[in-house]
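This briefing is meant to be read alongside the sequence and the coordinates. It takes up a few topics in turn and leaves others aside.

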Amino acid sequence: MTTGSDYPSPPHFRKPLLDTPFHDRARALSQNDQFVPWSGYTTVDVFTTVEQEYFAIRNAATLYDLTPMVKYRVTGADAERFLNRLVTRDVRKLRVGRVSYVVWCNDDGHIIDDGTIFRFSPEDFRVCTAERQLDWFLDSAIGFDVAIEEITSQVAALSLQGPTSAYVLKRFGLEGVEQLKPFEFREFRSAGRDMMVSRTGFTGDLGYELWMRPEHALGIWDELMAVGRTRGIRAIGSQALNLARIEAGFLMPNVDFVSAEHTIRMHRERTPLELGLGWLVDFDKPHFNGRRALLRQKSAGLKRMLVGIDIDGNKPAHNALLYASPKDEQECGFVTSAMWSPTCKRNIALAILDAPHFDAGRRVHADIYLHRELVWERRMVAATVVERPFFAPDRRRMTPPADR
Amino acid sequence: MSRAWDTIVIGAGHNGLICAQQLANAGHSVLVLEAGATVGGFAANRAFAPGFHAAVGAHLVHQFSDKLSRTLELERHGLRWAARQLATTVISADGQLRIGGGQVDGANAKDVAAWRHLAARLNRFSRFLASINATCPPRLGTASFEDRWSLLKMGLRLRLLGKRDMREFLRVAGMNVYDLATDELADPLLQAALGMDAILGSNFGPRAPGTVLTLLSRRAGESVTRSGYSIPMGGVASLSNALAMAAQAAGVTVRTDAPVAGIVVDNDRVVGVDLIDGERISATRVVSSVDPRQTFLSLLGTQYLDTGFVRRVDHFRQRGITAKMHLALDALPSFNGIQSTQLGDRLLVASSLDHIERAFNASKYGEVSANPVMEITIPSLHDATLAPKGQHVLTAIVNYAAFETRDSLGTARDRLFSNALSALEAVAPGISQRVVAGEMLLPADLERECRITGGHWHHGDLAFDQFMMVRPFPGAAQYDSPIQGLHLCGAGSHPGGGLTGLPGQLAAERIQRSAS
């Protein structure tokens, strides 16, 4: 077991946030200086307006700087066995050139983080995580012949999402990129630059993620912007992406769940079963972290679950408490993410509901607070438990995608 | 594939043998697998020079309960005693004193009275601790009636010490032995005697917090026998042999030279073990008397365990800093100011608490003590079979030697041997000329010879965070493990090390309860 950190020199304390390799372009395009820290980097929250950026995701093509996403390289004879014991899905089934969305749990079956695993070869993987995981990974590596290295700053990453994204990549010169199926990735070489492209994303739309060397970052950005101009390409920030991911029903760590490593209060941890991620848990594979606890929970039944709800009216139910009946004193759940979905024309939210209220079709009531010109108003609005995702266009899966 | 056993016990140390015997008595078919050529593990003999035999680890029996001896009918199985009720003589270059039979010779009247007073108090605490050591500790935070009842009884026993004693117990339990000894006693040799009892085999100097706990634990073990410090005929190995005989009489099969390569798991259940030579033996249950680290990380494998649990295994402190020296002497040595009748005593070479603390300092920096402290026996005085006629064996527990030495192992070994001889020479002038052969076993040697990770005398430090219901660590306390059918029964489990047999006995009780 070996490890390494990839920071040649740590950030200076006077400038604790690093710039990503795309920072110069982001700085130039930012119209309102809305930057936010993300995993030690300065990143853009909104370039122009959230609405403009959101509609670009659903109607054109968008570039999102993904570099701060934490990345680990996992190699070695036991890499597959190590990852299979770490995450709840069966990594043995992950073929070379494929990506898998995974979660990993502690001994109690509580989620520590979610992420993706890329398989480059039988013994070479990349794990992308929301938060830094070296400590957990290294302790999980005890007894396995595996090397774990953080490569976050060695790989610059861009997310190219939207219905015209395949067209942009083809125009960019990636031959055959339209043949990539969802969750597939391939290495491409274009104008002397190596680039890995995966058909993945956080928008629930047609889209790709591009992984490159930091020194190629600006050149690739400029070319994509140039070839995408006729297809309405624009840079987006985290806020617009967040709207798209709610429509897609994806979970955001520290919004929809808190990592078990960070919770302080009792019962604030979440298991994959409670987050509606039971399909990620494979009890038939060999032992994995949290398996025994999850089996116990499965047989005891769930006390709460994260579901999608469709709320009457058009007022977003941010942070709303949910009640079984409008007259109840005791709530039966709460909203974790909410928005008015312009594409679905529905008032949607992700919510944690206590048993038995989480069954699809159940009616609950959302206690919505509206802040209007310094005055708080309150609405008790009916809502229905519905299936996720809220938005799932066919183009998200279609291979090859429409050429437009 | 051979026949399927109800239970396989890994390791034929005294705890493994006792656990096997008890389970066989309860009707299990039991197979004991021992990696070495003989049974006994840390309590086996070692012919370190032609004709000279010494106990590889423990060289005195002083915590083996009379009740357990009777239950196991050890005398029927061949156990004879060469010596019982040995007194303790503390020696320094300046003087000596002798403790035994409730008497102290060589200290002034005031100190003797203080000693008696302190000993009486410690004995009451020890009996309380002994009652806890004799039961499977409860799990905390469970809804189980058994756990809650057991915890309640523990609290009740503490309360039954009486208000004054309970308060005093709670005051001293977390203290260090240095403070306790200097508070109560003035004589440096008496202080040193108390200090030695607290640190022998542990990873502490007398100033380390928790050394009153180790002292009380030792005395708790001693409170269950009336025999005091004893040496069996044939050496400590004879106790192990008698235990093996008792186990075999109960129907246990003992196989030596059968090192286990791994524990076999299927669908989260133990199904048997694989031997190094490739043989697979099936069993519904595997009980490991091997230390917890080796059991979980080497024999089982982390792929069957959760990361949080593996973390706890990895953090279990079990690096020994206690060494063992064996000397072959061509004649009986003479010690300064000690009558020849005292030579058969348990001899402590320690002049003061500061002497012990200074000796301890070396171990913190990857070194061996320049002036080590020692517990010495000359067993051949009681049992002539241990050495050629007219010659003698001297065995010494030598404190301290860092587990990871800064110098090479060989250099460190030679240095500690020569330091120990110099320390002996200071109290027994001329002894070096009597030495015809000798060996020093550093913790790393004990790890290799006895297959105990870290070569720790107690399979792991006895400290508050590795004690009772959290020994060795949560998830493996109560002799259980996360894997169904895998249990622990060694010194790594409650109540810990020493030739007590309690972990083995309590594990057997626990296994029977969970099976019924």
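Which residue follows helix 1 of chain B, and is its phi positive or negative? In this predicted model, the residue that follows helix 1 of chain B is Gly27(B), and its phi is positive, near 105°.

**Helix 1 of chain B**
- Helix 1 of chain B covers residues 14-25, twelve in number, and from its first C-alpha to its last it reaches 16 Å, which is close to the 16 Å expected at 1.5 Å a residue.
- Eleven of these twelve residues are buried, so helix 1 of chain B is largely enclosed by the rest of the structure; among the buried residues are His14(B), Leu17(B), Cys19(B), Gln22(B) and Ala24(B).
- The elements of chain B against which the buried residues of helix 1 pack include strand 1 (4-10), strand 13 (280-288), helix 9 (237-249) and helix 16 (502-515).

**Helices 7 and 8 of chain B**
- Helix 7 (residues 188-199) and helix 8 (residues 211-222) of chain B pack with their axes 7 Å apart and at an angle of about 85°, and they are therefore roughly perpendicular to each other.
- On the helix 7 side, Leu194(B), Asp197(B), Ala198(B) and Ile199(B) take part in this contact, meeting residues of helix 8 that include Val212(B), Leu215(B) and Arg218(B).
- The residues of the contact between helix 7 and helix 8 of chain B comprise five nonpolar, two polar and two charged.

**Contact between chains A and B**
- In chain A, 15 residues are in contact with 14 residues of chain B.
- Helix 3 (79-86) and helix 4 (134-140) of chain A each supply at least two residues of the side that touches chain B, with helix 4 of chain A giving the most, three residues.
- By class, that side of chain A has four nonpolar, six polar and five charged residues.

Definitions and conventions:
Residues are numbered from 1 along each chain as its sequence is written. Chains are lettered from A and ligands numbered from 1 in the order in which they are written. This is a predicted model: local features need pLDDT of at least 70, side-chain atom pairs count only at pLDDT 80 or more; totals for chains, interfaces and linings use all residues. Axes are lines fitted to C-alpha atoms, for helices over the stretch in contact, and angles run from 0 to 180 degrees between N-to-C directions. Helices (H or I, at least four residues) and strands (E, at least two) are DSSP runs, numbered from the N terminus. Angles under 35 degrees count as roughly parallel, over 145 as roughly antiparallel, 65 to 115 as roughly perpendicular and the rest as oblique. Two residues are in contact if their C-beta atoms, placed from the backbone, lie within 7 Å. Ala, Val, Leu, Ile, Met, Phe, Trp, Tyr, Cys and Pro count as nonpolar, Asp, Glu, Lys and Arg as charged, and the others, Gly among them, as polar. The expected span of a helix is 1.5 Å times one less than its number of residues. A residue is buried if 20 or more other C-beta atoms lie within 10 Å of its own, exposed if 12 or fewer, and partly exposed in between; C-beta atoms are placed from the backbone.
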